[in-house]
Amino acid sequence: MIVDLPDFAASEALARRIAADLCAGDVVALSGGLGAGKTTLARGIIAALGHEGEVPSPSFAIIELYDPPAVRLPLVHADFYRLEDPSEADEIGLDDYREGAVLLAEWPDHAGGFAHEPGCLSILLESTENGRRAIVTPGRDWLERGAWT
């Protein structure tokens, strides 16, 4: 599925749509070049889950955690850009953080990828002459929810 994102409002609408369907254990894998809008979309999802306040980029910390009641679901926002090898995701305890939580993963390929997981919603963000677009590939769990076909 391709979603055109000509402006910030369109990105916010996509973020709200994603947040409405999120379940514990899901992964939203955000790919695209530098400046493609990964963090902007992640911030929109976090806000749509109820967080009111600043959402720092996890670029340096690698992982930022959000817990209820600040958000509807426990959430891990990770930016794997600085990982040099996927094994480093294990070293930082990613599986422990993910237990019962949603994972928003920027640069998912640096952590070995998540597209093989049934709860993964893969989103490739690209710049276009009219803004951006999101190429959305839902995993089996998302397809079964019906809104992502």
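**Reading a predicted fold, step by step**

Me: Where does Phe8 sit?

Reply: This is a predicted model, so keep that in mind throughout. Phe8 belongs to helix α1, which covers residues 8–21.

Me: Is Phe8 buried or exposed?

Reply: Compare its relative accessibility with the cut-offs. Under 20% is buried, and over 50% is exposed. Phe8 has 53% relative accessibility, so Phe8 counts as exposed.

Me: How many helices and strands does the protein have?

Reply: Count each kind of element. The protein has 5 helices and 7 strands.

Me: In what order do the elements run?

Reply: Start at the N terminus and read on. The order is β-α-β-α-β-β-α-α-β-β-β-α.

Me: Which strand does β1 pair with?

Reply: Look for bridges between strands. Strand β1, residues 2–5, is joined to strand β7, residues 131–138, by 4 bridges. The two run antiparallel.

Me: How do β6 and β7 pair?

Reply: Check the direction, then the bridges. Strand β6 spans residues 120–128 and pairs with β7 in the antiparallel sense. There are 8 bridges between them. Ser127, for example, has Arg132 in β7 as its bridge partner.

Me: Why does the radius of gyration agree with a compact globule?

Reply: A compact globule of 149 residues would have a radius of gyration near 15 Å. The protein has 14 Å, so the two agree. For the extent, the C-alpha trace spans about 40 × 35 × 30 Å along its principal axes.

Me: What share of the residues is buried?

Reply: Apply the burial test to every residue. Of the 149 residues, 46% count as buried. The accessible surface comes to about 7400 Å². Carbon and sulfur atoms hold 50% of that surface.

Me: What share of the contacts joins residues 24 or more positions apart?

Reply: Take the contacts with a separation of 6 or more. Residues 24 or more positions apart account for 61% of them.

How values were computed. Residues numbered from 1 in each chain as written. Predicted model: local features only at pLDDT ≥ 70, side-chain atom pairs only at ≥ 80, totals over all residues. Heavy atoms only, no water. Rg over C-alpha atoms; globule rule 2.2 N^0.38 Å. Buried < 20%, exposed > 50% of the residue type's maximum accessible area, 1.4 Å probe, protein only. Contact = heavy atoms within 4.5 Å. Areas by Shrake-Rupley, 256 points an atom, 1.4 Å probe, with all protein chains shown as cover. Pairing = 2+ DSSP bridges.
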